[in-house]
Amino acid sequence: MLGFLVRLLPFWVREPLLILVGSVFGVRIMYLAHRDGEWVAAAIGLVFLVFTAVRVHTVARALRARRAPAPAAAVAPAPQTPLTPPTAPAAPAVAVAAQKEPNAWGQAVAAVAVFAALGAALWLGPHLLPSDDDGAPRAASCAGGEDEELPGAYRKTPRAVTGDELCNALNRPDLAQLLGTPAETATAVSGSSGTAPLTDGKVAQPEAEVQFDTYTVNVSVTYNELSIAQYVKLMEYGEETDVKTLSVLGRPAVLASDHTMKIEINFGGGSGGPVEQGPPARTLSVALDAKDRGGYYDITVWSTSGALPEDGALLDIAEKVLPTIPERTV
């Protein structure tokens with residue numbers, strides 16, 4: 001179908017078009033073949049260039065034929081009678097026909113200019129037109145929940161942040177780099193303004209979570225009276241392993257390892273599976289203030305594969321994220 005449409009074009013439009021397309025494709029394919037070392041592509045590019053050379057030869061031969069003077073045809077003189085008046089010479093008619101004949105060079109230049117402009121528009125259009133999509137995968141963003149009614153524990157704790165504020169602080173552009181996976185983007189982000197379990201809704205505990213292909217990061221804030229020193233003593237009686245006390249941002253902190261919980265939910269009816277032990281997790285707990293008067297941040301990282309980042313990644317996240325968490329006032 002395309003070949004039929006091309007053959008319908010006038011000669012001085014069709015041939016420059018074929019020369020333009022053949023030269024552009026041939027040079028482009030030869031360049032890619034040289035860059036990638038593909039000899040098959042080089043052969044295809046050579047075919048395009050040979051085809052273009054043949055079309056150029058055809059156009060050059062047609063131009064030489066048009067410039068060459070046509071041989072004068074021998075015409076026998078018509079007999080004249082005395083009654084027939086002499087006819088006017090046909091030179092003016094020939095001159096008019098010559099003036100109306102389209103210029104071959106003009107057609108060729110116009111065709112090349114038109115298709116060159118179309119090619120440039122297709123080639124440069126995506127770079128010249130403003131666009132918000134650069135082809136890169138977009139990271140998940142925090143959903144706004146300003147109209148969500150907060151539990152009463154937040155009103156009783158003036159400095160408690162909401163889950164949305166915590167989510168915005170955690171969902172940093174450099175979070176994947178801090179985890180050691182700079183090429184990844186966040187696939188899921190969430191924030192919630194809940195309360196601590198077993199407190200009858202009296203202790204505010206907002207949390208935020210950011211998921212990547214490799215790791216998942218969860219940050220929560222517990223506004224209770226438990227200090228890091230007391231927390232460390234509780235760990236001595238628990239199942240936490242690899243406990244390490246340290247200081248972060250001038251505040252008492254502790255690193256510990258534990259396992260996440262795996263809960264199976266059956267949406268098709270019936271009871272779900274039992275609560276199982278999930279993959280290991282590493283948690284950095286940091287006091288809310290330097291005097292360790294109660295309350296702490298928890299930064300937890302885990303992966304479905306069971307791999308964990310270095311402890312330095314958790315420290316880097318704490319040093320970047322904690323100073324950006326706002327404190328609400330009433």
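A: **From one loop outward**

Asp-292 counts as buried, at 15% relative accessibility. The model is a predicted one, and the description below should be read with that in mind. Asp-292 sits in the loop that runs between S6 and strand S7 (296–302). Its phi is near 55°, which is a positive value in a residue other than glycine. Most residues other than glycine have a negative phi. A salt bridge is formed by Asp-289 and Arg-293, with 3.4 Å between the closest N and O atoms. Are the two partners buried or exposed? Asp-289 is buried, because its relative accessible area is 12% and the limit for burial is under 20%. Arg-293 counts as exposed at 61% relative accessibility.

Next comes strand S6, which covers residues 276–287 and contains Arg-282. The relative accessible area of Arg-282 is 7%, so this arginine is buried. Its side chain comes to 2.8 Å from the backbone oxygen of Asp-242. Asp-311 is its salt-bridge partner, and the closest N and O atoms of that pair are 3.0 Å apart. Because Asp-311 belongs to helix H10 and Arg-282 to strand S6, the pair ties together parts that are 29 residues apart in sequence. Asp-311, at 25% relative accessibility, is partly exposed.

What else does Arg-282 touch, not counting residues up to four places away in sequence? Its contacts include Thr-241, Asp-242, Leu-255, Ala-256 and Ser-257. Ile-299, Thr-300, Val-301, Leu-308, Asp-311 and Leu-314 are also among the residues it touches.

A search of the whole structure finds three salt bridges. Side chains of opposite charge can pair when their charged atoms come close. Besides the pairs of Asp-289 with Arg-293 and Asp-311 with Arg-282, one of them joins the side chains of Arg-172 and Asp-174, at 2.9 Å from N to O. Arg-172 counts as partly exposed, with 21% relative accessibility.

The buried residues of H7 are Gly-163, Asp-164, Leu-166, Cys-167, Ala-169 and Leu-170.

Cys-167 carries a further link. How many disulfides does a search of the whole structure find? The search finds one, and the disulfide joins Cys-142 to Cys-167 with an S to S distance of 2.0 Å. The pair links distant parts of the chain, 25 residues apart: Cys-167 is in helix H7, while Cys-142 is in the loop between helix H5 (104–128) and helix H6 (152–155). The torsion about the S-S bond is about -90°, so the disulfide is left-handed. Both ends are enclosed: Cys-167 is buried at 1% relative accessibility, and Cys-142 is buried with a relative accessible area of 18%.

Helix H6, at the far side of the loop that holds Cys-142, contains Ala-153. Ala-153 counts as buried, at 2% relative accessibility. Leaving aside neighbours within four places in sequence, Ala-153 is in contact with Thr-195, Gly-201, Lys-202, Val-203 and Ala-204. Between the C-alpha atoms of Ala-153 and Ala-196 the separation is 9.9 Å, and these two residues are 43 residues apart along the chain.

The loop between S1 and S2 holds Leu-198. Phi of Leu-198 is near 65°, again a positive value in a residue other than glycine. Leu-198 is exposed, with a relative accessible area of 92%, whereas Asp-292 counts as buried at 15%.

Definitions and conventions: Residues numbered from 1 in each chain as written. Predicted model: local features only at pLDDT ≥ 70, side-chain atom pairs only at ≥ 80, totals over all residues. Heavy atoms only, no water. Helix = DSSP H or I, 4+ residues; strand = E, 2+ residues; numbered from the N terminus. Buried < 20%, exposed > 50% of the residue type's maximum accessible area, 1.4 Å probe, protein only. Polar contact = N/O pair within 3.5 Å; in protein donor to acceptor, adjacent residues only side chain to side chain. Contact = heavy atoms within 4.5 Å. Disulfide = S-S within 2.5 Å. Salt bridge = Lys/Arg side-chain N within 4 Å of Asp/Glu carboxyl O.
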